[in-house]
Amino acid sequence: MDDSKIIDLFFERSEIAIIELSNKYGSICMKVSMNVLNNPEDAEECVNDSYLGVWNAIPPHKPNPLLAFVCRIVRNISINLYKKNHAQRRKGNYDLCIEELENCIPSTNCIEDDLAESELSSYIDEFLDSQATINRMIFVRRFWYMDSYEDIAKASGMREGAVRTRISRTKTELKLFLEKKGVII
């Protein structure tokens, strides 16, 4: 079913909207959640919770694209559960991805208000827009969807070492870009 029709079903408050959303994007949502949690039961719970989140957000929102909207909700719910489950424990995939970005993006502790956070987000968007499509795809898959290097290599048709190299170079370029914009790293 087309995204606009699914959104229309949400506006009509039809429960079929959730079924159609699940049919179309359920596997992608599960992958996003699994990348953060690495636990099928927790991931399934987060995906189901995200459907409720979408139900509550539409209306008034009319997201475009729907997939990005849903994935953001799934990702946020999954990260919150991860933080709750992993307080004072060994590091998982989420922590490893965040640590990789540590040296090129300032800590959220340094951001004093929503305006600064919004400005940083727009700088990162601007930087990613300037990147080659393949580099942007690799970066987003690693740091937004938290895909493993192996999964990114398979999806891009590259060797894992090449993916690691591109990510390393892109992080270095991002750090330099942000420093030129006056962001304190």
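Tutor: The cover over the buried residues of H3 includes helix H1 (3–11), helix H2 (16–37) and helix H4 (66–85). Contact here means heavy atoms within 4.5 Å, and helices (H or I, at least four residues) and strands (E, at least two) are DSSP runs, numbered from the N terminus.

Student: What kind of model is it, and how are residues numbered?
Tutor: It is a predicted model: local features need pLDDT of at least 70, side-chain atom pairs count only at pLDDT 80 or more, and totals for chains, interfaces and linings use all residues. Residues are numbered from 1 along each chain as its sequence is written, and side-chain values use heavy atoms, with hydrogens and water left out.

Student: Which residues of H3 are buried?
Tutor: The buried residues of H3 are Asp42, Ala43, Cys46, Val47, Ser50, Tyr51, Val54, Trp55 and Ala57. Buried means under 20% relative accessible area, exposed over 50%, and partly exposed in between (1.4 Å probe, protein chains only).

Student: What caps the N-terminal end of H3?
Tutor: Asn39 does, with a side-chain oxygen 3.0 Å from the backbone nitrogen of Glu41. A polar contact is a pair of N or O atoms within 3.5 Å; within protein, one must be able to donate a hydrogen and the other to accept it, and residues adjacent in sequence count only if both atoms are side-chain atoms.

Student: What about the largest nonpolar core?
Tutor: It has 27 residues, of which Leu37, Val163, Ile167 and Leu178 touch the most other members. Elements that give two or more residues to this core include H2, H3, H4 and helix H9 (160–180). Apart from it lies another core of 19 residues, among them Leu9, Tyr25, Val70 and Ile73. A nonpolar core is a set of buried Ala, Val, Leu, Ile, Met, Phe, Trp, Tyr and Cys residues joined through side-chain atoms within 4.5 Å.

Student: What does Ile167 touch?
Tutor: Leaving out residues up to four places away in sequence, Ile167 touches Glu100, Ile138, Arg142, Phe143, Tyr149 and Ile152.

Student: Where do the buried residues of H9 sit around the axis?
Tutor: In H9, Val163, Ile167, Thr170, Lys171, Leu174, Phe177 and Leu178 are buried. They cover an arc of only 130° around the axis, so they are on the same side of H9. The arc is that of the directions from the helix axis to the C-beta atoms. On the other side of H9, Arg169 and Lys180 are exposed.

Student: Which residues other than glycine have a positive phi?
Tutor: Among them are Arg13, with phi near 60°, and Met146, at about 60°. Arg13 lies in the loop between H1 and H2, and Met146 in the loop between H7 and H8.

Student: Is Met146 buried or exposed?
Tutor: Met146 is buried, with a relative accessible area of 0%. Arg13 counts as partly exposed, at 34% relative accessibility.
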